[in-house]
Amino acid sequence: MPRTYIDGRMKVVIIGATGHIGTWLVPRLVRAGHDVIAVSRGGSSPYHQAPEWASVRMVSIDRAAAELDGSFGGQIAELEPDVVVDLICFNVTSAAHLTDALRDNVRHFIHCGTLWVHGVPRVRPYDETVLREPFGEYGMGKAEIERYLLHVATEGFPATVLHPGHITGPGWMPVNPAGNLDGTVFDRLMNGDPLTLPGDGSSTLQHVHADDVAQAFELAIAHPEASIGESFHVAAREPVTMREYAEGVASWTGREAAVEFVPWRDWRATVSDEDADISHDHIMHSPCASIEKAEKMLGFVPKYSALGAVRDALQASFSRSDASP
């Protein structure tokens, strides 16, 4: 059985600890007084350094290889965790392998899901109770994991699922107003250059700062009585339309957005296949998720709006004084 700690201190194992969320979650948990073990494949560093990493135990495990030989779950269990946070699980076979190894050996297991489990919204805003109609390998895989974990939670396994929006923060390119990762879109908006965007501008994006996601994981750990057996949306309080997003980015440099919205078929011919596929995925999902459940049950209070999260990310990415948001 997991060890008993005084004053809520626990041993927390974070799988995928040097990625987007872990970069912010690890320091938070250290400051909260927990013992943290950061599991990653090795070779990658957090997106930003913090002094708390000096007190973290780093463990290198190649998850894909360890799952092939059946050792991954056992290796995590051997770390004797009280809490396991899994940030990089993408199919139910992987989830089941890990939970089977942790049954009766962990107090709390928290999985990182996605708003993509909802597919195309039928209502706006939508909460965690709405029908799951995912499409695409990523959303369908995450929805299957959620069903599995909430089922095993009814059998006594202490699982929680958190569903972030578009995770955004310093160190990587945010999803832009076209719904893809082309950084020149931001350049054009902040320089006042003409730009075409797909559709009519009403599709929505719902960014969330990586530190706000980390906050939600920390709160789930701190409140197992409220979080076990539940799933929660984790995003900025309100989404932003593509039109509002473009106008907001341009305004950071005192400009008006010189944007023309054109039909999808016409716009699609102006970009690469990769950018078009990413944009289409975001336009179809057009998230508008309520975070009321996380606010009420966990005390989640996002620090950043959708645009604020993007601006913080871009401030770390743009170095030119005339293009600094």
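**Exercise 1. How far is the sulfur of C89 from the closest cysteine sulfur, and in which residue does that sulfur lie?**

The model is predicted: local features need pLDDT of at least 70, side-chain atom pairs count only at pLDDT 80 or more, and totals for chains, interfaces and linings use all residues. Residues are numbered from 1 along each chain as its sequence is written, and side-chain values use heavy atoms, with hydrogens and water left out.

*Step 1.* A disulfide is a covalent bond between the sulfur atoms of two cysteines. The criterion applied here is a pair of cysteine sulfur atoms within 2.5 Å.

*Step 2.* From the sulfur of C89, the closest cysteine sulfur is that of C112, at 10 Å, which is too far for a bond.

*Step 3.* A search of the whole structure accordingly returns zero disulfides.

*Step 4.* Burial is judged by relative accessible area (buried under 20%, exposed over 50%, partly exposed in between; 1.4 Å probe, protein chains only). C89 is buried, at 1%, and C112 is buried as well, at 6%.

**Exercise 2. Determine the strand order of the open sheet and identify its edges.**

*Step 1.* Strands (E, at least two residues) and helices (H or I, at least four) are DSSP runs, numbered from the N terminus. Two strands pair if DSSP finds at least two bridges between them.

*Step 2.* The seven strands follow the order β3-β2-β1-β4-β5-β6-β11, with parallel pairing.

*Step 3.* β3 (57-60) and β11 (231-234) each pair on one side only and are the edge strands.

*Step 4.* Within the sheet, β4 (residues 83-86) and β5 (residues 108-112) run parallel and are joined by four bridges. V84 has F109 in β5 as its bridge partner.

**Exercise 3. Describe the largest pocket and the largest cavity.**

*Step 1.* On a 1 Å grid over the protein atoms alone, a cavity is a set of points where a 1.4 Å probe fits but cannot get out; a pocket is an open set with protein on both sides within 12 Å along at least five of seven lines; lining residues have an atom within 4 Å of a point. Grid points are joined across faces, edges and corners, and a volume is the space filled by probe spheres set on the points.

*Step 2.* The largest pocket holds about 1100 Å³ of space. Its lining comprises 40 residues, with H20, L87, F90, Y138 and I167 nearest the centre.

*Step 3.* The largest cavity has a volume of about 40 Å³. I15, V39, S40, R41, I61, R63 and I88 line this cavity.
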